[in-house]
Amino acid sequence: MTDTAIDRDTLLDIYTRTMRVARADEKFRSLLMTGKLAVIYYTVRGQELVSAAAMAALDPSDYLVTTYRGQHDQIAKGVPLNPLFAEIAGKVGGTCRGKGGSMHITHPETGVMVTTGVVGSGLPIANGLALSSQNRGDGRVTMVCFGDGATNIGAFHEAMNMAQLWKLPVIFLCQNNRYGEHTAFSDHTKVDSIVTRAAAYGMAGAKVDGNDAVAMYNTTKAAVDRARAGEGPTLIEAMCYRMMGHFFGSDFSYMPKEHLAEMTAEDPLPRLRQLMLDHQFTEAELDAIVADLDAQMDAAAEYAANSPLPGPEEIRKDVFEEEIAA
Amino acid sequence: MTQITMTQAINRAIDEAMAEDEGVILLGEDVAAKQGGGVFKISSGLTEKYGEHRIRATPISETAIVGACVGAALTGFRPIAEIMLMNFVTVAMDQIVNHAAKLRFMSGGQTNVPLVIRTTTGVGVGFGGQHSDMLEAWFAHVPGLKIVTPSNAADAQGLMRAAIACNDPVIFIENILCYGLKSDDPGPGHVVPLGQAAIAREGSDCTIVTYGRTVLDALEVAGKLAEEGISVEVVDLRTIAPYDEARITASVEKTGRAVVLHEAVKQYGTGAEIASRLNEKLFGKLKAPVTRIGGAFSAVPMANALEQAWIPNKDAIADAVRAAVNWKG
């Protein structure tokens, strides 16, 4: 497969995953705006396609580790919407019984093993997941997602070195959204590209336009194939934009006008829709997919609203295997 | 009866667990055969039996070591992370405190981290301020972690088996000065359940609650005080957290007096928690205030003369017991 070629089934899969992420994010923001939800939420607007194309290249049984801005990764990986919505709302019907929230979504059935709220901490853990697959020979690969801001913490370097040393079946997906919290990439990192760091560990690296569905999918697929074949890890730097503030509702006036214009022009959603039309999908087909997803979002929001609040006994459970005495 | 050293005991426990379960792996600096089986030889002979994919010598990367063990544990492995010296756990605190300890809770019980972090330390070897600390109180303050330390070889073997079998993360603290201690060989398959203290010596006038190397000091002091007619009970916690409160409370209820002893710095140490809980449970039944003895409030010094002045001193332990017994209110 060349870098520009993709089959229609894969493209449709990427589109559906992308729009599931996009419609969920839209729904979360609407619930927050109308006061139906009052929680911390890190919007994924602008990064929908990166995850969708990356996760489409994984098998359902592959492992994923992501970060607090991770709803796109989780949804694209397949976490069901009802428990996801309920978890974000802090309800018992949530993936984690309301004890984790949006920053700690965990869903082993779909391979989502850890979502961490600490920048960079997922990388060493991903190595361990991959190590267990290597020892078991189960053929799974592990993907860990993180932002550009995570590449200057020690855990990144320790994990990259160890992964390459042991040729672990792991893919380091840096979603370079050009901001670490409020600090622009060029104000926190001297090199132009994160991917140049791969060479420092003797690791394969690839830089890709994360808003190009075909390139993003094919780049990830190549890394997945390498990992599955026992050829070791890859660092992928996927260029994208965080199209809103650090967390939902936060000011982002620190982003220069030119940056805002650039990211609006690069918005992955209209670009993907055009690509679909170019591949002879019809407006009606695409609209039907979105309408179906919106119905799922409404149902998930209702499920979350109706799910009970966790009781105080939950505090004594899951600290250890055995419950703490009251 | 044949005897076994603490080094041999820990090695045997790991060996047995590795033979039973492919998921038991050991990661740490210098641990494989090529590097000599670890700085303190705990993993001696294991690479030859189980291979380099299970005995993994790592780069000097404590965050990556513990993180990899956390990840492997999430899939059902039972990894052992060797952190060469206890001060180096500070480099991996995020993985231990924010991840190993909390993933079970934050996932609502969907995942768990059956991980053992083995580490060693100890005052009295002249290693100075960054190689000697007992940091158990830091971990005891974190919900989700269990903390274990053996005072003798047989317990070391049994506690290590229990720690590896535990479905939650366990910090297993060894003391450099105790590696050569010998016990009667408890034989293969020996397990000491977590959470159970041991009565190291029975007595009736005062309880010394302690753990790890200072159990030896307490026993020596108890022997000496017996000659003065003071009967000391020595309780070895073995599991520091969550500790065997029932056994401690029962002992102190019997003697009416308690001295809590540890090598770690006294201020804000685990002794404060134990003393406080004894006061809450036994106020009115105590014949003297519960007192604490611990290390001095400074970095551990290098010079042996200073180390000996820093460390809880046997005379001070004896004086604390005498003061409790002679307390007039």
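Analyst: In this predicted model, local features need pLDDT of at least 70 and side-chain atom pairs count only at pLDDT 80 or more, while totals for chains, interfaces and linings use all residues. Residues are numbered from 1 along each chain as its sequence is written, and chains are lettered from A and ligands numbered from 1 in the order in which they are written. Helix H1 (residues 6–20) and helix H7 (residues 153–165), both of chain B, pack with their axes 8 Å apart, at an angle of about 25 degrees. Helices are DSSP runs of H or I with at least four residues, numbered from the N terminus. Axes are lines fitted to C-alpha atoms, for helices over the stretch in contact, and angles run from 0 to 180 degrees between N-to-C directions.

User: Why is H1(B) called roughly parallel to H7(B)?

Analyst: Angles under 35 degrees count as roughly parallel. The angle here is about 25 degrees, so H1(B) is roughly parallel to H7(B).

User: What makes the contact between H1(B) and H7(B)?

Analyst: Residues including B:Ile10 and B:Ala13 of H1(B) and B:Met160 and B:Ile164 of H7(B) make the contact. Two residues are in contact if their C-beta atoms, placed from the backbone, lie within 7 Å.

User: How do you know whether B:Leu103 is buried or exposed?

Analyst: A residue is buried if 20 or more other C-beta atoms lie within 10 Å of its own, and exposed if 12 or fewer do. B:Leu103 has 26 within 10 Å, so B:Leu103 is buried. This residue lies in helix H5 of chain B.

Key: Helices (H or I, at least four residues) and strands (E, at least two) are DSSP runs, numbered from the N terminus. Angles under 35 degrees count as roughly parallel, over 145 as roughly antiparallel, 65 to 115 as roughly perpendicular and the rest as oblique.
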